[in-house]
Amino acid sequence: MTKIKYFILVGIVSVLIYACSGDTGNIVEFDHAAQSLEDNDSLVKYFNNHYYDSAIDSVKPLVAGKTALIDDSNLKATQVTENEVDYTLYYYLAREGTPDPVKGFPTATDSVLSIYEGKYLETTSKSVTFENGKQAIWFTLATTIRGWAHGFTNFKGGKNITNNGPITYENGGKGVLFIPSGLAYRDIAQVLSSGIIPASSSLIFYINLLDIKEDTDHDNDGVPSIYEDIDNDKNPNNDDTDDDGIPDYVDTDDDGDGVRTKDEDTNGDGDPRNDDADGDGIPNYLDSDS
Ligand SMILES: [Ca+2]
Ligand SMILES: [Ca+2]
Ligand SMILES: [Ca+2]
Ligand SMILES: [Ca+2]
């Protein structure tokens, strides 16, 4: 008899807990996969009723005689998976860029010199400007929103033609990034001095990529940051060999053995990646027992 009562009691308690967790909004996780699909629908609608006006480098509401973005071959789509959610990132390639001296595309951890204008998609027919940066600024793609890290890698820089005046570039990469909210600020509203970006906003960035710093090495340890993205997911912030809370790309002692990474370059060729004292395939700078 006592046993039966016990089971009934357990049964009631667990139903209550279950019901509570269902009612409490902050326990239910945000559905990023559903938001990704919703954002894609909105972006596709936007592409259907806008075109790129190359005379003024601007996206405009569609008018007769113009080609909608959705049918414009310069609009490219790229698939990105972040935190197990699939996203489609779009970019309009107005000009790829012709750098001199010739540099390649930036990696997702390189630094870029860019002018940009940011908008958020308010409806499928309207976007709102939240930032208009006319001055060129250096950014490191390792720490910007994820849509930048994945988007800028499709453009190259330009040619520095500075001549005793202000720093001037020509023929830099030029285009527009269309970023679903999951690769931007996700479900968190942003308060800026210029206004508010609502939660779950897809963002549009007009970009002018002037220059890049190839093989950016944030911690100056001799290992370019792109090689400190050990799991190769284009995000160096989740790679921390010694688990000290400091990602490898900004950790000057990656394996936490007390010897700085650049001092584990035993053959002195400036590259710690090819020094492996115990021959176990793990270079010294990542091998805490050598
Ligand atoms: Ca990574
Ligand atoms: Ca670390
Ligand atoms: Ca490092
Ligand atoms: Ca070390």
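**View 1. A charge sits over a ring when NZ of Lys or CZ of Arg is within 6 Å of the ring centre and within 35 degrees of the ring normal.** In this predicted model, Arg273 lies over the face of Tyr227, 3.9 Å from the ring centre. Lys156 is placed over the face of Phe105, here at 4.8 Å from the ring centre.

**View 2. Six protein donors surround the calcium ion (ligand 1).** Asp229, Asp231, Asp233 and Asp239 each give an OD atom. Asn235 gives its O, and Asn238 its OD1. The donors lie 2.1 to 2.3 Å from the ion. Angles among the six donor atoms run from 75 to 169°, and the site is octahedral. Along the chain, the donors follow the spacing D-x1-D-x1-D-x1-N-x2-N-D. Is Asp239 buried or exposed? Asp239 counts as buried, because its relative accessibility is 6% and the cut-off for buried is under 20%.

**View 3. The calcium ion (ligand 4) has its own set of protein donors.** Asp253, Asp255 and Asp257 give OD atoms. Val259 gives O and Glu264 gives OE. Asp257 counts as partly exposed, at 25% relative accessibility. Val259 is partly exposed too, with a relative accessible area of 36%.

**View 4. The largest nonpolar core holds 28 residues.** Which of them touch the most other members? They are Trp148, Phe152, Leu177, Ile179, Leu203 and Phe205. Several elements give two or more residues to this core: β4 (85–95), β5 (111–123), β6 (126–140), α3 (146–151), β9 (173–179) and β12 (203–213). A second, separate core has 14 residues, among them Tyr92, Leu121, Ile204 and Tyr206. In soluble globular proteins, nonpolar side chains tend to be buried together.

**View 5. Trp148 and its contacts.** Leaving aside residues up to four places away in sequence, Trp148 touches Tyr116, Phe139, Leu141, Leu177, Ile179 and Phe205.

**View 6. Aromatic rings pair and cluster around Trp148.** The count of aromatic pairs comes to twelve. One of them joins Phe139 and Trp148 edge-to-face, 5.0 Å centre to centre with 75° between the planes. Both residues of this pair, Phe139 and Trp148, are buried. One aromatic cluster is formed by Tyr116, Phe130, Phe139, Trp148, Phe152 and Phe205.

How values were computed: Residues are numbered from 1 along each chain as its sequence is written. Chains are lettered from A and ligands numbered from 1 in the order in which they are written. This is a predicted model: local features need pLDDT of at least 70, side-chain atom pairs count only at pLDDT 80 or more; totals for chains, interfaces and linings use all residues. Side-chain values use heavy atoms; hydrogens and water are left out. Donors are N, O and S atoms within 2.8 Å of the metal (3.2 Å for Na, K and Ca); water is not among the atoms, so sites may look incomplete. Four donors count as tetrahedral if all angles lie between 85 and 135 degrees; four count as square planar and six as octahedral if opposite donors are over 155 degrees apart and all others between 65 and 115; anything else is irregular. Buried means under 20% relative accessible area, exposed over 50%, partly exposed in between (1.4 Å probe, protein chains only). A nonpolar core is a set of buried Ala, Val, Leu, Ile, Met, Phe, Trp, Tyr and Cys residues joined through side-chain atoms within 4.5 Å. Helices (H or I, at least four residues) and strands (E, at least two) are DSSP runs, numbered from the N terminus. Contact means heavy atoms within 4.5 Å. Rings of Phe, Tyr and Trp (its six-membered ring) pair if their centres lie within 6.5 Å; planes under 30 degrees apart count as stacked, over 60 as edge-to-face and the rest as tilted.
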